[in-house]
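Here is a quick walk through a few local features worth a look. Have the model open and follow along.

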Amino acid sequence: MLGKRPKEHYGTLTLDEINNLLINENNNYFDLEFFQSNNEGDIVSEIQKAVLKEYSAIIINPAAYTHTSVAIHDALEIFNGKKIEVHLSKVDEREDFRKINFIRDVTDICFSGKFETSYIEALSYLKKII
């Protein structure tokens, strides 16, 4: 629903536009795959697929599941590659319930609060370390 959500938190770009920015920024450096789901179980399955295929890295924006999902935490915990948490908004400076983060302790680094630039920073970080 990006592009329709409150612009002061999430910016103006759609998910497809953000993905296209990443493709352009990547410049064929990595093989990128994109996945989006509103279903927690589908997200867990996708992370488990990355475990089995031994992917080098995951950039994940767990959205509201950041604050609720032990299942996504546990799936990320067994992934051996680099794990980058990304948020479009300044999630740590928002409502009190958003200060609960089940994901942070199983990721290597977090980029947040810069809209689509958070994703670009995550990709740039991976280019430097992989």
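A residue counts as exposed when its relative accessible area is over 50%, and as buried when that value is under 20%. Keep in mind that this is a predicted model.

## Two positive phi angles

Let's start with Asn27, in the loop between H2 and helix H3 (40-52). Its phi is near 50°, which is a positive value in a residue other than glycine. Asn27 has 62% relative accessibility, so it lands over the 50% cut-off and counts as exposed.

Glu54 gives us another case: not a glycine, yet its phi is positive, at about 55°. You'll find Glu54 in the loop between H3 and strand S1 (57-60). With 68% relative accessibility, Glu54 counts as exposed too.

## How H2 and H5 pack

Now for a pair of helices. Two packed helices are described by the angle between their axes and the distance between the axes. For H2 (residues 15-26) and H5 (residues 116-129), the axes come within 10 Å and cross at roughly 30°. Angles under 35 degrees count as roughly parallel, and H2 and H5 are therefore roughly parallel to each other. As for handedness, the crossing of H2 and H5 is right-handed.

Which residues meet across this pair? From H2 come Ile18, Leu21, Leu22, Glu25 and Asn26, and on the H5 side they meet Glu116, Tyr119, Ile120, Leu123, Ser124 and Lys127.

## Around Phe111

Phe111 belongs to strand S3 (residues 109-112). Is Phe111 buried or exposed? Its relative accessibility is 13%, so Phe111 counts as buried.

If you skip neighbours within four places in sequence, Phe111 is in contact with Ile84, Glu85, Val86 and His87, and also with Ser118, Glu121, Ala122 and Tyr125. Take Tyr125 from that list: it sits 14 residues from Phe111 in sequence, and the two are 9.7 Å apart from C-alpha to C-alpha.

## Rings and a charge

Searching the whole structure turns up two aromatic pairs. One of them joins Tyr29 and Phe30, with 4.8 Å centre to centre and 80° between the planes, making it edge-to-face.

Finally, have a look at Tyr10. The charged end of Arg5 sits over the Tyr10 ring, 4.0 Å from the ring's centre.

Conventions. Residues are numbered from 1 along each chain as its sequence is written. This is a predicted model: local features need pLDDT of at least 70, side-chain atom pairs count only at pLDDT 80 or more; totals for chains, interfaces and linings use all residues. Side-chain values use heavy atoms; hydrogens and water are left out. Rings of Phe, Tyr and Trp (its six-membered ring) pair if their centres lie within 6.5 Å; planes under 30 degrees apart count as stacked, over 60 as edge-to-face and the rest as tilted. A charge sits over a ring if NZ of Lys or CZ of Arg is within 6 Å of the ring centre and within 35 degrees of the ring normal. Axes are lines fitted to C-alpha atoms, for helices over the stretch in contact, and angles run from 0 to 180 degrees between N-to-C directions. Helices (H or I, at least four residues) and strands (E, at least two) are DSSP runs, numbered from the N terminus. Angles under 35 degrees count as roughly parallel, over 145 as roughly antiparallel, 65 to 115 as roughly perpendicular and the rest as oblique. A crossing is left-handed if the near helix is turned anticlockwise from the far one by less than a right angle, and right-handed if clockwise. Contact means heavy atoms within 4.5 Å. Buried means under 20% relative accessible area, exposed over 50%, partly exposed in between (1.4 Å probe, protein chains only).
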